[in-house]
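Me: I have a model open and would like to learn how to read its features one at a time. Could you walk me through it?

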Amino acid sequence: MRLALLGCGTVGAEVVRLLHEQATDLAARIGAPLEIAGIAVRRLGRDRGPLPVDPSLFTTDALSLVKRDDVDVVVEVVGGIEPARTWLVEALRAGKSVVTANKALLAEDGGTLHDAALDGGADLYYEAAVAGAIPLLRPLRESLHGDTITRVTGIVNGTTNFILSAMDATGAGFAEALDEATELGYAEADPTADVEGFDAAAKAAILASLAFHSRVGAADVYREGITEVTAADVASAKAMGCTIKLLCIAARGLDSTGTESVSVRVHPAMIPLSHPLASVGDAFNAVFVEAEAAGQLMFYGRGAGGSPTASAVLGDVVAVARNRLAGVRAASESAYAALPVRPIGEAVTRYHISLDVADRPGVLAGVAGVFARHGVSIATVRQAPAAGGPAGRGDDAVLVIVTHAAPDAALAATVEELRGLDIVGSIASVLRVEGSL
């Protein structure tokens, strides 16, 4: 089996190393040896360290490499939308199996890749696109194929999980925790994709597509990042017996018209310490799956890094190579349900709201009246004196309100009306709450 490797950065170099170190075992598992036919890179002169590969295999012409007749499997670890999409569509339509870790492309235009795979009778595998080494996607599309998945909740971005874990452990603010993540190599020089939730949103789209047999794209995912999470939010969560995590949440249910649909969202949320995801710290990932027959399942491990991601890539390579040798292909995309995506306003959740208010009689009644007008029930209220206050007065207080579950649109409208009240100096924080307190 001859491979074309597109990309030789951190992950690609690790794929080359593992292919060399495990060559004998891989050949035994597949039934034929794996050979690298060529490696496409952007720059030939870049120092990639000592790699166990003939330098003559490197090329800058990825499309020509993909088109070669002696290539059986194309492995793509470059990332981005173009030119990766062009390369992979070309390979799939030519009947060549594809293994990719490209979450952005799969979330943006996965349908085009699946259509090309169907046209060419080829395999398309992408285990490494969501949670690194964690075996997650294949269980969703194969092991649980006889069940009905109702909800998927996950921590799928290691950078943000490290930052929030550091804030929880040390009391640091977001900026300080981000600086630490950058120093340790967990955050990129430009961390926008991670801290603003774009990375997690792409992964949420892939998970929802597999779990609910529907095509869900990145544009369908409601997204909020963690840049507005403060040390005060973390302290408030602790006081409630909670922690804050950036969650991707995909749930199946009925929309406002009673039609079966899915909700897909990414945002920071408070979860109780009893929740299985609460103990997931550092840069680890975990995904919590709920299904009708199987019940609750937890997948946990390292979600990024050269070695973990390369492990998932090679697992897919073994699968597609065995299929190719046997003259078969894996099951095609399962998108028969074609469920619509509910807007965020119809998602049922709870809010944790921190208000700076005037400390005088009638304030709590006035605030509670706003919640009542929007049909939102209050679960708990906690009041604490404020040092000064929004106007510098000493007679202000902080109200911390946690709601019962309600449509997000009703909760958002409640917050908006609260902003306009004379008795409310400011809304210090609004966070969603997931799980049972």
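Me: Which residues of α15 are buried?

Reply: D408, A410, L411, T414, V415 and L418 are buried in α15, where buried means under 20% relative accessible area, exposed over 50%, and partly exposed in between (1.4 Å probe, protein chains only). Helices (H or I, at least four residues) and strands (E, at least two) are DSSP runs, numbered from the N terminus. Keep in mind that this is a predicted model: local features need pLDDT of at least 70, side-chain atom pairs count only at pLDDT 80 or more, and totals for chains, interfaces and linings use all residues. Residues are numbered from 1 along each chain as its sequence is written, and side-chain values use heavy atoms, with hydrogens and water left out.

Me: Where do those buried residues of α15 fall, seen down the axis?

Reply: The general idea comes first. An α-helix has 3.6 residues a turn, so residues three or four places apart point the same way. In α15 the buried residues fall within an arc of 165 degrees, so they line one face of the helix; the arc is that of the directions from the helix axis to the C-beta atoms.

Me: What covers the buried residues of α15?

Reply: The cover includes β13, α14 (363-373), β15 (396-403), β16 (406-407) and β17, with contact meaning heavy atoms within 4.5 Å.

Me: How is β17 paired with β13?

Reply: Two strands pair if DSSP finds at least two bridges between them. Strand β13 (residues 348-358) and β17 are antiparallel, with 8 bridges, and L355 has I427 in β17 as its bridge partner. Strand β17 (residues 424-433) is also joined to β10 (residues 260-272), by 2 bridges in the parallel sense; there A269 stands opposite R432.

Me: What should helix α1 span, by its number of residues?

Reply: The expected span is 1.5 Å times one less than the number of residues. Helix α1 (residues 10-21) has 12 residues and should span 16 Å; its end C-alpha atoms are 17 Å apart, which agrees. Its buried residues are V11, G12, A13, E14, V15, V16, L18 and L19, and they pack against β1, α2 (23-30), β2 and α13 (306-326).

Me: What is the strand order in the open sheet of 6 strands?

Reply: The order is β3-β2-β1-β4-β5-β6, with parallel pairing. At the edges stand β3 (58-59) and β6 (124-125), each with a single partner strand, so one side of each has no neighbour in the sheet. Further in, β1 (residues 2-6) and β4 (residues 73-76) run parallel, joined by 4 bridges, and L6 is partnered by E76.

Me: Is R42 buried or exposed?

Reply: R42 counts as exposed, at 66% relative accessibility. R42 lies in the loop between β2 (35-40) and β3. Beyond its neighbours within four places in sequence, R42 is in contact with T60 and V78. R42 and T60 are 18 residues apart in sequence, yet 5.6 Å apart in space, C-alpha to C-alpha.

Me: How many disulfides does a search of the whole structure find?

Reply: A disulfide is a covalent bond between the sulfur atoms of two cysteines. The search finds 0, taking a disulfide as a pair of cysteine sulfur atoms within 2.5 Å. For C242, the closest cysteine sulfur is in C248, 19 Å away, too far for a bond. C242 is buried at 2% relative accessibility, and C8 is buried at 6%.

Me: Where does pLDDT stay under 50?

Reply: pLDDT is the predictor's confidence in each residue, from 0 to 100. It stays under 50 over residues 389-393, for which the model has 7 contacts beyond four places in sequence. The protein averages a pLDDT of 94, and 97% of the residues score at least 70.
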